[in-house]
Amino acid sequence: VAQATRTREPVYVHSEAEHVTFPSVLALSRRHPSFAALPLLLDEHCLGALFVGMEKPWAFSDADQSALAAMAGVCAHRLEHLRPL
């Protein structure tokens with residue numbers, strides 16, 4: 001989540017083997033061997049990130065990635081209404 005927020009790029013981890021890239025989430029590997037973190041972008045602002053954990057190894061297809069990007073976009077626009085002016 002931190003990397004997705006910092007880089008403003010989605011992060012996809014398809015299997016436990018890839019968790020070594022993210023040592024702070026090794027504890028997640030038992031519950032979520034695969035996960036995605038997508039930045040919640042609103043214009044040039046990043047409001048946070050959407051985290052989706054899978055209970056089994058999952059190769060996020062192009063269709064999966066498109067659907068997650070759409071969900072992240074909707075979440076970001078919904079959060080816009082909660083931000084103070």
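A definition before the details: two strands count as paired if DSSP finds at least two bridges between them. Bear in mind that what is on the screen is a predicted model.

With that definition, take S1 and strand S2, residues 34-42. They run antiparallel and are joined by three bridges. Across from Tyr12 stands Ala36 in S2. Please remember Tyr12, as I will return to that residue.

On to the next pairing. S2 and S3 are linked by eight bridges, again in the antiparallel sense. Phe35 has Gly53 in S3 as its bridge partner. The hairpin of S2 and S3 has two residues between the strands, and Asp43 there takes a positive phi near 55°.

Putting the strands together gives an open sheet of three, in the order S1-S2-S3, with antiparallel pairing. S1 and S3 are the edge strands, each pairing on one side only. Ignoring direction, neighbouring strands are turned against each other by 15° on average.

Now the helix. H2 lies across S1, S2 and S3, and runs at about 40° to S2. How enclosed is S2 by the rest of the structure? Largely, because eight of its nine residues are buried.

That brings me to the rings. How many aromatic pairs does a search of the whole structure find? The search finds two, and I will discuss one of them, Tyr12 with Phe60. A pair of aromatic rings is described by the distance of the centres and the angle of the planes. For Tyr12 and Phe60, the centres are 5.4 Å apart and the planes are at 50°. Planes under 30 degrees apart would count as stacked and over 60 as edge-to-face, so this pair is tilted.

Where do the two residues sit in the chain? Tyr12 is in strand S1, residues 11-13, while Phe60 is in the loop between strand S3, residues 45-54, and helix H2, residues 62-80.

Technical notes
Residues are numbered from 1 along each chain as its sequence is written. This is a predicted model: local features need pLDDT of at least 70, side-chain atom pairs count only at pLDDT 80 or more; totals for chains, interfaces and linings use all residues. Side-chain values use heavy atoms; hydrogens and water are left out. Rings of Phe, Tyr and Trp (its six-membered ring) pair if their centres lie within 6.5 Å; planes under 30 degrees apart count as stacked, over 60 as edge-to-face and the rest as tilted. Helices (H or I, at least four residues) and strands (E, at least two) are DSSP runs, numbered from the N terminus. Axes are lines fitted to C-alpha atoms, for helices over the stretch in contact, and angles run from 0 to 180 degrees between N-to-C directions. Contact means heavy atoms within 4.5 Å. Buried means under 20% relative accessible area, exposed over 50%, partly exposed in between (1.4 Å probe, protein chains only).
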